[in-house]
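These are my notebook entries on a structure that I had not examined before. I set down what I looked up, entry by entry.

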Amino acid sequence: MTAQLINGKDLSQQIRKNIKEKASQLTEKYRQPCLAVILVGEDPASQVYVRNKVKSCEDCGIKSILQRLPADSTEKEVIDLINALNQDKEVDGILVQLPLPKHISEQKIIETIDVAKDVDGFHLHNVGALSCGLPCLKPCTPHGVIKMLESANIDLEGKLALVLGRSNIVGKPMAQLLLEKNATVILAHSKTRNLQKLTLQADVIIAAVGRPLFLKAEMVKPGAVVIDVGINRNSEGKLCGDVDFENVKETAGFITPVPGGVGPMTITMLLENTLIAAENSFQKKENQ
Ligand SMILES: NC(=O)C1=CN([C@@H]2O[C@H](COP(=O)(O)OP(=O)(O)OC[C@H]3O[C@@H](n4cnc5c(N)ncnc54)[C@H](OP(=O)(O)O)[C@@H]3O)[C@@H](O)[C@H]2O)C=CC1
Ligand SMILES: Nc1nc(=O)c2c([nH]1)NC[C@@H]1CN(c3ccc(C(=O)N[C@@H](CCC(=O)O)C(=O)O)cc3)C=[N+]21
């Protein structure tokens, strides 16, 4: 193996120490910061993620409220619950676990969340603020990736960064954050032609496609930084990313594992956003 491993689990643990400290200070001075998580339906993967989020809150001294709704809930029932949480002065962050059942509009649900409590950073207002370089709650996964690059002292200025995948929750905001760091960004997707020609030029590749073994060693420039956002199950049911880790690690300069890479950092950034939302609300109250 030539690549240096960027360990998201270790970095998360370091950052969570500070989060725990901060949460305890806020609890002493004001009240315990609180995250509300809404889970609609019984999707097994979503249940695992949500349990993980609730447990991470507990470990860091952040209060969590888990609201479960049946899969056949109406859109209005979800909206009514969000409105109640928006009004609740003891709730700082609201996360609606995605995907939602098909009969519920994800966009409509996200726009119902109070911008100040949108700890996923998915609300149109936060998306717009991010693209204008204004202060906002940053989307957790791309923000976690930036923290991982910083932890490995990777300077992005002037580098060619290629993002594979253009979803609203990962690819697009990832491109935005890389641009903010003065990287030159290529945002590739399923209609991109000659993908290998592009990936071979990239100094940094962020894979967020949702396909096991998608990024192969022959697509990676020797020494490049490879960040694997993918969370998939392979044919044996084992958790894996989008990168052919075993072969790419021989070519890349840096690489992130799955599990133990971007996943834990996503949750850490969610905890951080909950503290930011709580602090903003305490500050607002003091200024009234
Ligand atoms: N680690 C973490 O914390 C998180 C991990 N994930 C994981 O990241 C992965 C991506 O998630 P998400 O962004 O939500 O996924 P989406 O399915 O929303 O988007 C996938 C993107 O990949 C592109 N794509 C698909 N096939 C190809 C191809 N053959 N060549 C090039 N591009 C392709 C699609 O292109 P097009 O737009 O043209 O269809 C699309 O833009 C998943 O594995 C998901 O589980 C997601 C969130 C958080
Ligand atoms: N509103 C919303 N916000 C999200 O942030 C969101 C979402 N919906 N829906 C689903 C995706 C996916 N996602 C993950 C977060 C952490 C891990 C994670 O911690 N993974 C561990 C392994 C966990 C396991 O063992 O399954 C790891 O990679 O090491 C994975 C996936 C957040 N998402």
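Entry one, a loop residue. I began with Arg166, which is in contact with Gly171, Lys172, Leu187 and His189, leaving aside its neighbours within four places in sequence. Arg166 lies in the loop between β5 and α7. I found Arg166 partly exposed, because 17 other C-beta atoms lie within 10 Å. The scale I used calls a residue buried if 20 or more other C-beta atoms lie within 10 Å of its own, exposed if 12 or fewer, and partly exposed in between.

On the source, I noted that this is a predicted model, in which local features need pLDDT of at least 70 and side-chain atom pairs count only at pLDDT 80 or more, while totals for chains, interfaces and linings use all residues. Residues are numbered from 1 along each chain as its sequence is written, and chains are lettered from A and ligands numbered from 1 in the order in which they are written.

Entry two, Gly165. I placed Gly165 in the loop between β5 (160-164) and α7 (171-180); helices (H or I, at least four residues) and strands (E, at least two) are DSSP runs, numbered from the N terminus. Gly165 counts as buried because it has 24 C-beta neighbours inside 10 Å. Among the residues that Gly165 touches are His189, Ala208 and Val209. I also consulted UniProt, where an unreviewed entry lists Gly165, Arg166, Ser167 and Ile231 under "binding site"; such annotations may be inferred rather than shown by experiment.

Entry three, ligand 1. I found 23 residues around ligand 1, the closest being Gly165, Ser167, Ser190, Gly210 and Thr266. A residue counted as near if its C-beta atom, placed from the backbone, lies within 6 Å. The helix α10 gives the most to this shell, with three residues.

Entry four, ligand 2. Around ligand 2 I found 19 residues, of which Leu98, Pro259, Gly260, Gly263 and Thr266 come nearest. Two or more residues of this shell come from each of α2 (44-59), β4 (93-96) and α10 (262-287). The largest share, four residues, comes from α10.

Just after α6, I recorded a positive phi of about 55° at Asn153.

Notes
Two residues are in contact if their C-beta atoms, placed from the backbone, lie within 7 Å.
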